[in-house]
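Please review the following briefing on one protein model.

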Amino acid sequence: GPAVLGGVVMGAFLAFYAFLGFEDMVNLAEEAENPERDMPAAIVIALLVSTVFYALTVWAALAYMTPAALDASAAPIADLYQSITGSDPVVLTLVAMFAVINGALVQIIMVSRLLYGMGKRSRLLRPLSAVNPRTRTPARATVVVAGIVLALALWLPVRTLAEYTSGLVLLVFILVNSSLIAVKRARPVEPGVRMVPIWVPWAGIATTISLLAYVWWNELFV
């Protein structure tokens with residue numbers, strides 16, 4: 001029914017946060033021997049493997065705990081581990097901490113490099129393009145991004161952060177797909193580049209706008 005479908009859509013919107021980071025693989029394209037072949041395959045394989053692990057985790061959770069218990073839990077995976085093994089989830093907590101910190105570090109590195117590149121092209125962001133003479137890294141941009149991440153982490157709950165992050169990234173995806181449409185219209189064929197049909201970015205825009213509209217409608221009026 002509509003309630004079940006609505007729950008699935010809202011869950012998909014929130015779970016979108018768990019699929020962030022795969023696009024960062026393109027930053028390593030220069031280190032691949034055959035990036036045209038290897039990078040798309042690497043992204044698809046990583047997405048499929050991660051999806052299988054997520055699905056197995058959900059299956060285990062529903063097999064050992066009720067949906068009501070999972071919803072009421074502040075740490076569902078830790079409670080799941082404790083209900084299966086009978087032991088305190090100390091090791092699992094440590095693993096989760098390192099995983100979350102690692103994910104944050106990857107995003108800090110990626111965003112700082114993005115600001116560095118924008119600073120080289122924008123007078124407003126020019127201070128963020130400064131490179132540390134010893135480490136040869138954009139240290140100033142890294143400190144700014146790390147400060148913003150730390151402030152948000154201390155200020156907002158994890159669920160709220162995930163929702164805001166998912167929403168902002170989906171808005172960025174709309175802009176990226178719109179840019180791809182503009183590029184394809186300007187250069188329909190690019191030698192040596194695998195070109196996707198123009199309906200692909202249009203489909204991306206349509207599905208992304210539909211998901212955001214549904215979520216915001218439920219947040220505001222339901």
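In this predicted model, the mean position of the 14 positive charges lies 16 Å from that of the 13 negative charges of the protein. The accessible surface of the protein amounts to about 15800 Å². Carbon and sulfur atoms account for 71% of that surface.

**Fold and dimensions**
- The protein contains 8 helices and 0 strands.
- In sequence order, the elements follow the pattern α-α-α-α-α-α-α-α.
- Along the principal axes, the C-alpha atoms of the protein occupy a box of roughly 55 × 45 × 40 Å.

**Burial and contacts**
- The protein has 222 residues, and 21% of them count as buried.
- When contacts between residues at least 6 apart in sequence are considered, 50% link residues at least 24 apart.

- In soluble globular proteins, nonpolar side chains tend to be buried together.
- The largest nonpolar core of the protein comprises 8 residues: Phe 13, Phe 16, Val 169, Leu 170, Ile 174, Leu 211, Leu 212 and Val 215.
- At least two residues of this core come from helix 7 (158–186), and at least two come from helix 8 (199–221).
- Leu 211, one of the core residues, is in contact with Val 9, Phe 13 and Leu 170, when its neighbours within four places in sequence are set aside.

Definitions and conventions
Residues numbered from 1 in each chain as written. Predicted model: local features only at pLDDT ≥ 70, side-chain atom pairs only at ≥ 80, totals over all residues. Heavy atoms only, no water. Helix = DSSP H or I, 4+ residues; strand = E, 2+ residues; numbered from the N terminus. Buried < 20%, exposed > 50% of the residue type's maximum accessible area, 1.4 Å probe, protein only. Contact = heavy atoms within 4.5 Å. Areas by Shrake-Rupley, 256 points an atom, 1.4 Å probe, with all protein chains shown as cover. Lys, Arg positive; Asp, Glu negative; His and termini not counted. Charge placed at Lys NZ, Arg CZ, Asp CG, Glu CD. Core = buried A, V, L, I, M, F, W, Y, C linked by side-chain atoms within 4.5 Å.
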